[in-house]
Amino acid sequence: MMRSMKTSVVSSHALPTRLAGLPRTLCESVRAQHPGASFHVALCDRMDGMIDPASEPFEIIPLEALAIPGLAGMIERYNITELNTSIKPYVFEYLFGECDRQRVVYLDPDILVVSPLAEVDAHLG
């Protein structure tokens, strides 16, 4: 069975703050249940030196890598929650295309995985 990639979306301002624990804890909880799992976090804004990607336990997908048409207009019109939501289709497109994945599981960053996601993986094939 092919393993699925796990992913989440956050804003970069959340990583260096008290919210930083959310995507890190999610990643650790996924890997506790799925050792060696591939885990990515997509940013819905720019890092602007606030984050050292090498120090994170997951791979960061920068906003610029998603090649979102009309991104500047989206950033102007949407609040941070709306922007987080609106980039998800582009994150999936990136993971399926650029990362050559066939199975991707999206998890909100405030989730804690306490048992294997066997049923999810089974439904994905």
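Guide: Let's start with His-34, which sits in the loop between α1 (21-33) and β2 (39-43). Those labels come from DSSP runs numbered from the N terminus: helices are H or I with at least four residues, strands are E with at least two. Before going on, note that this is a predicted model, where local features need pLDDT of at least 70, side-chain atom pairs count only at pLDDT 80 or more, and totals for chains, interfaces and linings use all residues. Residues are numbered from 1 along each chain as its sequence is written, and side-chain values use heavy atoms, leaving out hydrogens and water.

His-34 has a relative accessible area of 15%, so it counts as buried (under 20%; exposed is over 50%, partly exposed in between, with a 1.4 Å probe and protein chains only). Setting aside neighbours within four places in sequence, His-34 is in contact (heavy atoms within 4.5 Å) with Lys-6, Pro-116, Leu-117 and Asp-121. Asp-121 belongs to helix α5 (residues 118-124) and is buried too, at 11%.

Now follow the chain into β2, where five of five residues are buried. Phe-39, Val-41 and Leu-43 point one way, while His-40 and Ala-42 point the other. β2 pairs with strand β3 (residues 59-61) in the parallel sense, over three bridges; pairing takes at least two bridges found by DSSP. One of these links joins Ala-42 to Ile-61 in β3.
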